[in-house]
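Here is a short briefing on how two parts of one chain meet. Look over the sequence and the model, then read on.

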Amino acid sequence: MIIRLVLGDQLNIEHSWYRQESQQDYVYVMMELNTEVNQPIMHIQKVVGFFAAMRHFAATLTELGAHVKYFKLTDHDNQQDLLANIAQVAKDLNASSFEYQLPDHWQIYQTLKNSQSVLGIPVKHYDSEHFYATLTQIAAWGADSKYQLMEHFYRMMRREHHVLMEGSKPLGGQWNFDGDNRKKWKGDPPIPDAYSANNIVENLVEELQHSNIKTFGSITSDTFIYPIHRDQALAQLQHFLTHNLAYFGSYQDAMHTQHTLLFHTNLSFALNSKLLSPKEVVDAAIAHYHDHSDHINITQIEGFVRQIIGWREYMRMMYWNHYKHFTQSNYFDHQEKLPEVYWTGESRMHCVSQCAQNSLSNAYAHHIQRLMILGNFALMMQTDPKAVDDWYLGVYIDALEWVQLPNTHGMSQFADGGLIATKPYIASASYVQKMSNYCQSCSYDPSTKTEENSCPLNSLYWHFLYINREKLSTNPRMGLMYSLLDKIDETTLKSIVDRASHLIKVRNL
Ligand code: FAD
């Protein structure tokens, strides 16, 4: 008997493993580990989503005639340790060898790489057959400085995989339509209903409540809308293509109080658990675009494709090539606690409270809410990047370290000193006003900086630039910001710095 490990984020039923005829020779081992969901504390929907999808996957394998050994969280024989559980199964079945698919998690990879000495049987690994890029390619690109910039990486991926290309030229004559991705949503076009898989998970929620797992956030049948098996994930993809793709690119950066998703896909859980492959998603979107090019323009499809073969693959490359730096760096030496609003959703700042509440209720926020509201605020409040990383890893249903860490630690907190982002993503109230309707119903005034009711983002923004002058002013992308800072008169600057220092100390705004 050969043991094959299936991790919780390897729910890819299309993998070549399952196409082999001699399934009788294998036992597939899956496990729920409290070590995976206790540290950091996780959103209830994230634990439920992964466990429900894993249990469904195990049932599918069994239906296909495969042997499955599934350790539930509270099973008495679950030793809550990956290798200990595998070793036990290997002993019980007198297994001849152990096989695994390459994991996406750096630490789990180290454990599995060294598993032969613990298990005492031959060990073999396979590709997970999920991503466009292999780990060998990633290692080679790591040595090549030209792919460290996302735009260069993205163009290389488009060429290499012939995505949206006309011969050697980008379709539409431009690589990137980013400039057309910044429309504010003002009530039209109408927002389609979100896809909901309507899964019943009450039993699992109850089971977790009776276990030793602590979670945060909420779950209801209205908010747990995620797919837990492939058919649902395919339906979710179809829903996006039919209803949202036509406006995806234009409103990618928009935010609105009444609409969490706007035209976003909400496909990240299906992708990261591997219910869907990025290639099938990109291929389906491009086919849909060609079939509907009378009303879907290039801006929409390019904006979408860029997220998947650009950002998603790029972040993974950066994770594998710079893992240690991401886990250890703290460029601005920020040491403060995460403001309470991230746990409670309560703040007078409407933008921050909306995005935090949304995250706590749905285990979801879209990219700009994560980057320009929650990330921006945490950064300018000088929050310890480790605390920010832990919160992001816990709260979002799609958060797996390989994608969360470079996005949060790098892109949003600039704690890596600029490996991912060419400048820190910071914004004052004018950006929030431009891209959303949050300020309309906020008790703070977005137009002033130093009054009692001035939007905190305004003083925090100039304060951030002021105190980090040494680290940032020589950055060519920051030149304009510093020239504007230099135009602020001394008295006003002092009031700004005083107010921001006070806000950073108070923290509950
Ligand atoms: P859409 O906007 O519909 O985009 C389509 C798909 O593109 C997404 O499903 C996702 O797979 C991919 N994508 C888009 N942007 C990125 C990106 N920057 N990195 C990787 N993939 C991307 N994404 C995660 O999957 N897991 C995370 O833990 C995560 N943490 C983030 C933390 C911060 C601070 C920021 C700024 C971004 C983070 N992202 C993360 C990226 C992005 O915010 C989410 O992928 C996206 O919001 C998921 O919602 P969606 O499926 O509706 O995305």
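Across the interface of domain 2 and domain 3, the rule finds 0 salt bridges. Polar contacts are found there: 9 residue pairs, both residues at pLDDT 80 or more. The model is a predicted one.

**Which residues form the domains**
- Domain 1 covers 2–126 in the assignment for this chain.
- Domain 2 is given in two segments, 135–192 and 244–321.
- Domain 3 takes in 341–506.

**How domain 2 and domain 3 meet**
- The centres of domain 2 and domain 3, taken over C-alpha atoms, lie 25 Å apart.
- Domain 2 brings 26 residues to the contact, and domain 3 brings 29 residues.
- The size of an interface is often stated as the accessible area lost when the parts come together.
- Between domain 2 and domain 3, about 2500 Å² is buried.
- Carbon and sulfur atoms give 65% of that buried area.

**The side of domain 2 that touches domain 3**
- Which three residues supply more than any other three of the area that domain 2 buries against domain 3? They are Met255, Met315 and Tyr319, with 29% of that area.
- Helix 11 (268–272) supplies at least two residues of this side, and so does helix 13 (298–328).
- Helix 13 gives the largest share of this side, with 7 residues.
- By class, this side of domain 2 holds 11 nonpolar, 9 polar and 6 charged residues.

Definitions and conventions: Residues are numbered from 1 along each chain as its sequence is written. This is a predicted model: local features need pLDDT of at least 70, side-chain atom pairs count only at pLDDT 80 or more; totals for chains, interfaces and linings use all residues. Side-chain values use heavy atoms; hydrogens and water are left out. Domain bounds come from an automatic or database domain assignment. Contact means heavy atoms within 4.5 Å. Buried area is the accessible area (1.4 Å probe) that two parts lose on being put together, summed over both. A salt bridge is a side-chain nitrogen of Lys or Arg within 4 Å of a carboxyl oxygen of Asp or Glu. A polar contact is a pair of N or O atoms within 3.5 Å; within protein, one must be able to donate a hydrogen and the other to accept it, and residues adjacent in sequence count only if both atoms are side-chain atoms. Helices (H or I, at least four residues) and strands (E, at least two) are DSSP runs, numbered from the N terminus. Ala, Val, Leu, Ile, Met, Phe, Trp, Tyr, Cys and Pro count as nonpolar, Asp, Glu, Lys and Arg as charged, and the others, Gly among them, as polar.
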